[in-house]
Amino acid sequence: MVFDIDLIKHIYQNYPQKINQVRQKIGKPLTLTEKILYAHIAEGEQLKNYKRGEDYVNFSPDRVAMQDATAQMALLQLMNSGRNRVAVPSTVHCDHLIQAYKNAHDDLIIAENNNQEVYQFLRDVSNKYGIGFWKPDAGIIHQVVLENYAFPGGMMIGTDSHTPNAGGLSMLAIGVGGADAVDVMAGMPWELKMPKIIGVKLIGKLSGWVSPKDVILKLAGILTVKGGTNSVIEYFGEGTSTLSATGKATICNMGAEVGATTSIFPYSKKSADYLAMTGRQEVVDLANLLTDCFNPDEAVLAQPEKYYDQVIEINLSELEPYVNGPFTPDLAYPISQLAAAVKAHNYPDNMEVGLIGSCTNSSYEDMMRAASVIDNANQLGLKIKAKLIINPGSKQVKYTSKRDGILSHFEQAGAAIMANACGPCIGQWRRDDVADEHKNSIVTSFNRNFAKRNDGSPNTYAFVCSPEIVTALSIAGKLSFNPLTDTLINDKGQKVKLSEPIGDELPKQGFAVDDAGYIAPIADGRSVNVHISEHSERLQQLSPFSPWDGKDIIAHPLLIKVTGKCTTDHISMAGKWLKFRGHLDNISNNMLIGAVNSFNQKNNSVLDAQTSNYVEVPVLARQLKSQGLGSIVVAEENYGEGSSREHAAMEPRFLNVKAIVVKSFARIHETNLKKQGMLALTFVNKDDYDKIREDDKISILGLTDFAPDKDLTLVLHHRDGSTDSFAVAHTYNQSQIEWFKAGSALNKLKEGFK
C-alpha cells in the first residue's frame, strides 16, 4: 500500500512549471529549499522574492503528523476549531507514552492498561475527523513517517521538533506546536517566517567507525544550539550522494538541536533505493522524472556562497566519531579528545548504560552496524560491561532485524529489547538504579541530553553519539575508551582491538512485517462520540482563553527570573508528566519547576512578595491568578530550546502569566507563545535583564498601539519606590497581533469559520 499516491501525483503534476515560474519571478537560480517552499506558497499569496529572516509567508503543507503526547492537545484544539474533517492527510502515532522498564512485551501491556483512556480518545478523534492512527508499538513517529509518508519535494508539519527527519528523503518537514497543526488540518494557510538557508557542503566519503550521526554532531559544535535559528540547513555536494537515506534522516533529525527550522538533502539514487525497498516504487517512478526539481540549481552548486546565507564545508573522509555532552547537544568532542575531556572536567568515566534507538538512530542500518560490533566482541572473547537497552524504530525494523538475526546478537549479549517507541529518549524510562542519585554516565544514540531528561536524575551525565560508538563504549564500560586506537583485555587475558563496524544500508531480503500497526479512519466519522469524563485526570475539555482586555499591563509581579539554559524540559517536564498532556490544569503543576531562579539558584523556589516566603512556581502563579493578578517571566538566551511541546506555552497562558521577556527565543516556542495569545518579548538591550529585582512589579506599555516593528516599553516598579524603564522588542506581524487580541490563534480561527 502506497499512502497518498494520488496526492503525490497531483503535487508532481505541475511541479516543473511551478519551479520555472518561481525562478523567472524572483530572477535567480534556486536552492532546493526555495524550490519546495515556493512550490507550497498558499493560494492567494503574492509570488515575490521574500526576504529571508524577515518576511512572514503563508504556506499550504501537504500533510500533518502528530505523536500521542502532543496529539492530545492538538486534537482538543481541533475539536474547538469548528471543522468536522481534516483538510489534509493527517496521522497520529502512539510512541511517547510507553515507559521502558523490563522488555517490549511487559512494558506494552502496562502502557496499554495505563493509557487506555488516552489511546481510546486518540482513536475516537482520529475516526471522527478522518485521521490515520498508528497503534502503540507500531514505531516511533519519524521512523514510521520515513517508511510510509515522506516523499521528495513534499512539505509536512509535525507536532514534534524532530519532524525534520523526513528531510532525509528530500521532504521539507517542520516541527510545530499543536495550534499550527490545527490551522493546516482545518484547511487554513500556515504561517512561517521565510527562513535563511545555511548550506553545508559535504565532500569525501565516510569510512570505518564514522557514521552519518557524526556529521550533525560536528555541525552542532560549529553552530551551537541557537546557530540555526530561523534557518533551513541544506546539504549539498558530492558527499550527499554517498549517504544512505536513513543516515541522511539522522542528520536532518538532529538539526533541531541547533535550532534549525528544518534540514534537507537533495534527491539521489540512495533516496530512490530506500523508497523502492519500503514499497514505494510508484513514488520513485514519479520522482525520477523530477530530479532537477529536488536538487539545487547548477548555478547554486557552482557558487554556493552567492546563494546561501552561510556555507560550511565538512570533509567526510577526514571526519572522526564525535561524542557530544553532557547536558547540552552542542558540546562536541571528537573521540580522540574525549578521554582528555573526561579527565579535565571530572566526568564520571564509568559508563553504566548504553542506549540505542530513538527517532534519530533506530534504522535497520543502525541496528546492523551496532550488532556487528557486538558480534566482533563475542568473537574476541569480550563481555559487555555496561547495561545495554535497545529501542527499534518501528515494527518493520524490528521484524526485519529479528528475521535477519540482528536482534539475536543483542539478546545474546544480555541487552534488553524494548518496545518500538521513544522510551528513555524522552524520559519514559523507569531506571531504578539511580535512586541514590550517584554520579554516573550514560551514552545514547539519541538527540538530546539535557539534565534529567532521560532518567530524571540531575547526576546522570548523558552523552550523545552514534549507535556504533554507544556499543563500543558499552563493551568497554568506560567513557574514555577510543575504539579506533585502544585495546581491551578479553576473557583469556589477551589484548584485543574491536574491528570497524559493518552493515547493510538496506536488508538484502527486503523489509518485512506481519502487522505494521496502522488503522485507517472510518469513511464517515460524524456519528462518532468523543467522550471525556469530567472526573478524568488525563483528559480535559479545553475552554477558550479570554481575549485581550484592551489595556496595558500594569504592575504585575515577577513570577521568576530564570538564569541559564531554559529548555522546554525546564518549562514543562516530560517523564512522569507525560500522562497529563491532555489535561491542561493538571500538567500546569509542572510549569517552570525545572528552571533555576537567578536570585537563589534553586529549582521551583520563588519569592512570594506578599508573604516574603519562597514557594513553588505553579503555586505562586495559581495564587496570583486567584487574586485576579497576572505575572511576568524573565529569562536569558534561546528560551524554549528543545521540544515543540506547546504545553510550555499553554501552561503560562492558563496560569495567567502575561508576558515572557527574554534575551532571545527558540523558533518553535516563540511561535507557540504567539499562537496561545501570549506576549513574547525580547530585551532591546540585553543588559536590562540585570535590572530586574526579585520583588519587582512590572508594567508593559504600548499595547493599545501594538503594531509590527514598534517596540513596547517595560517599566520596573522597585519596592524602594524607584523605577527603571526600557524598550522591549517583538516580532509580531499584524496577523499575530490579531491572535493576541482575540486571546489565541484558535479563537481567531473560530471567528473565521463563523
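Analyst: On a 1 Å grid over the protein atoms alone, a cavity is a set of points where a 1.4 Å probe fits but cannot get out, and its lining residues have an atom within 4 Å of a point. The model is predicted, with pLDDT of at least 70 needed for local features and 80 or more for side-chain atom pairs, whereas totals for chains, interfaces and linings use all residues. Residues are numbered from 1 along each chain, and side-chain values use heavy atoms, without hydrogens and water.

User: Which residues lie nearest the centre of the largest cavity?

Analyst: The largest cavity holds about 190 Å³, a volume being the space filled by probe spheres set on points joined across faces, edges and corners. Its lining has 19 residues, and those nearest its centre are Tyr56, Leu192, Lys193, Arg667 and Thr671.

User: Which element supplies the largest share of that lining?

Analyst: Helices (H or I, at least four residues) and strands (E, at least two) are DSSP runs numbered from the N terminus. At least two lining residues come from each of β7 (190-193), α24 (667-675) and α25 (734-742). The largest share, six residues, belongs to α24.

User: Why is one side of β6 and of β21 left without a neighbour in the sheet?

Analyst: Strands pair if DSSP finds at least two bridges between them, and the open six-stranded sheet runs β6-β5-β2-β3-β4-β21 with mixed pairing. β6 (172-175) and β21 (518-519) stand at the edges, so each has a single partner strand.

User: Which residue of β21 is the bridge partner of Trp134?

Analyst: β4 (residues 132-134) and β21 pair in the antiparallel sense over two bridges. In β21, the partner of Trp134 is Tyr518.

Note on methods. 1 Å grid on protein atoms, 1.4 Å probe; cavity = no way out; pocket = protein on both sides within 12 Å on 5 of 7 lines; lining within 4 Å.
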